[in-house]
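Here's a quick briefing to read with the model open beside you. Sequence and structure come first, then the notes by topic.

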Amino acid sequence: MRELRSTCLDILAQVEARIDFADDLPPLAEAAIVESLQAALDQVREILATADRGELLRTGLKVAIVGRPNVGKSSLLNAWSRSDRAIVTDLPGTTRDVVESQLVVGGIPVQVLDTAGIRETDDRVESLGVERSRRAAEQADLVLFTIAADQGWTEQDEVIFQRVCDRPGIIVVNKIDLIDGVLELPNRNKPVVRTAAALKQGIVDLEGAILEQVRSGGTSAANLDFAINQRQAGALQQAQNSLEQMQRTIADQMPLDFWTIDLRSGIRALSEVLGEDVTESMLDRCLGSFVLGSRGWGSLKP
Ligand SMILES: Nc1nc2c(ncn2[C@@H]2O[C@H](COP(=O)(O)OP(=O)(O)OP(=O)(O)O)[C@@H](O)[C@H]2O)c(=O)[nH]1
Ligand SMILES: [Mg+2]
């Protein structure tokens, strides 16, 4: 939204400068303006279309649980979704394929993927599962990197962690019921949550940590556009109307004053999507610095 608004402000600055200082400036780059206007409109339409379909609402946040075999990933999924969705056994290599579950966390739809424990294996079925879990981790917005407290941070954990550490993630120390005290971890710059999935403990903390990541912008935005709500969709529709009106104004070769009316109303609408109020005087101030600032308008007379 900020980018779109800044495109519009840029055009507005150029147009208003022509109104105020027509004689001192080269002619308006109309073709370039038409082009960036079209690009802005395309983007607005795309966002609105997806909001309409409600697709983003369904997608939500994709969370992948990854880690060594037997650390309790499937137990975590089951405890979290209050189900027996995934098979749990004490045998490493139980989960062979990605198991999905849909949850809602703090109003956000979350798709949780329980994956096959990652290890080198000769078993063909298991190795296919391991491959899938790698892919799931790559595509997730957030990775829950899970270890078992009674095993500590093993060499194999470190290998897997290195594979996923460039993704936004949370370290889940599971099976804390099996140890006394708190497991010391290497400092890995990720939030840590302690759970005992088999006892359904730590889920509230886990959800809190996930929401914190979402709020702080720690997760990739790819699947987060569902945050657009009814009010924002309305404002975005208004922005679309204004920009379309501006296209007609240009096509009809109306005077520049009309261009600025459409643009200003478009900018106001985009600001509303952002939850910001733009007053005329703010707009003027902003434009003043645009025109007189560092944007290469040096030929302007004082
Ligand atoms: N004590 C204790 N045992 C747990 C906990 N969570 C899981 N377990 C046990 O650990 C074993 C493995 O659990 P799973 O959930 O199947 O582990 P997984 O990580 O999904 O294993 P794979 O699918 O083989 O990768 C089972 O016997 C669980 O009952 C826990 O919090 N505490
Ligand atoms: Mg499993």
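Let's start in the sheet: β1 and β4 run parallel and are joined by five bridges. Within that pairing, Gly67 sits opposite Thr146 of β4. Keep in mind that this is a predicted model.

**The sheet**
- Strands in a sheet pair through backbone hydrogen bonds, in either a parallel or an antiparallel way.
- Here we have an open sheet of six strands with mixed pairing, and the order reads β2-β3-β1-β4-β5-β6.
- The edges belong to β2 (99-105) and β6 (192-194); each has a single partner strand, so one side of each has no neighbour in the sheet.
- From one strand to the next, the twist averages 25°.

**Helices across the sheet**
- α4 lies across β1, β2, β3, β4 and β5, and runs at about 150° to β3.
- α6 lies across β1, β4 and β5, and its angle to β4 is about 175°.

**Nonpolar cores**
- The largest nonpolar core has 44 residues, and the members touching the most others are Val63, Ala64, Val66, Val143 and Val172.
- At least two residues of this core come from each of β1 (61-67), α4 (73-81), β3 (108-114), α5 (124-139), β4 (142-148), α6 (155-164), β5 (169-174) and α7 (203-215).
- β4 gives the largest share of this core, with six residues.
- What does Ala64 contact, once neighbours within four places in sequence are left aside? The list is Leu113, Thr115, Ala136, Ala137, Ala140, Val143 and Leu144.
- There's also a second, separate core of 23 residues, with Ile11, Leu12, Met246 and Trp259 among them.

**Around ligand 1**
- Ligand 1 is surrounded by 24 residues, and the closest are Gly72, Ser74, Thr95, Gly117 and Ala198.
- α4 supplies the largest share of this shell, three residues.
- Sorted by class, the shell around ligand 1 splits into ten nonpolar, ten polar and four charged residues.

**A look at Glu207**
- You'll find Glu207 in helix α7.
- Why does Glu207 count as partly exposed? Because it has 17 C-beta neighbours inside 10 Å, whereas a buried residue needs 20 or more and an exposed one has 12 or fewer.
- Leaving aside neighbours within four places in sequence, Glu207 is in contact with Val105 and Gly106.
- Glu207 and Val104 are 103 residues apart along the chain, and their C-alpha atoms are separated by 9.8 Å.

Technical notes
Residues are numbered from 1 along each chain as its sequence is written. Chains are lettered from A and ligands numbered from 1 in the order in which they are written. This is a predicted model: local features need pLDDT of at least 70, side-chain atom pairs count only at pLDDT 80 or more; totals for chains, interfaces and linings use all residues. A nonpolar core is a set of buried Ala, Val, Leu, Ile, Met, Phe, Trp, Tyr and Cys residues joined through C-beta atoms within 7 Å. Helices (H or I, at least four residues) and strands (E, at least two) are DSSP runs, numbered from the N terminus. Two residues are in contact if their C-beta atoms, placed from the backbone, lie within 7 Å. A residue is near a molecule or strand if its C-beta atom, placed from the backbone, lies within 6 Å of it. Ala, Val, Leu, Ile, Met, Phe, Trp, Tyr, Cys and Pro count as nonpolar, Asp, Glu, Lys and Arg as charged, and the others, Gly among them, as polar. Two strands pair if DSSP finds at least two bridges between them. Axes are lines fitted to C-alpha atoms, for helices over the stretch in contact, and angles run from 0 to 180 degrees between N-to-C directions.
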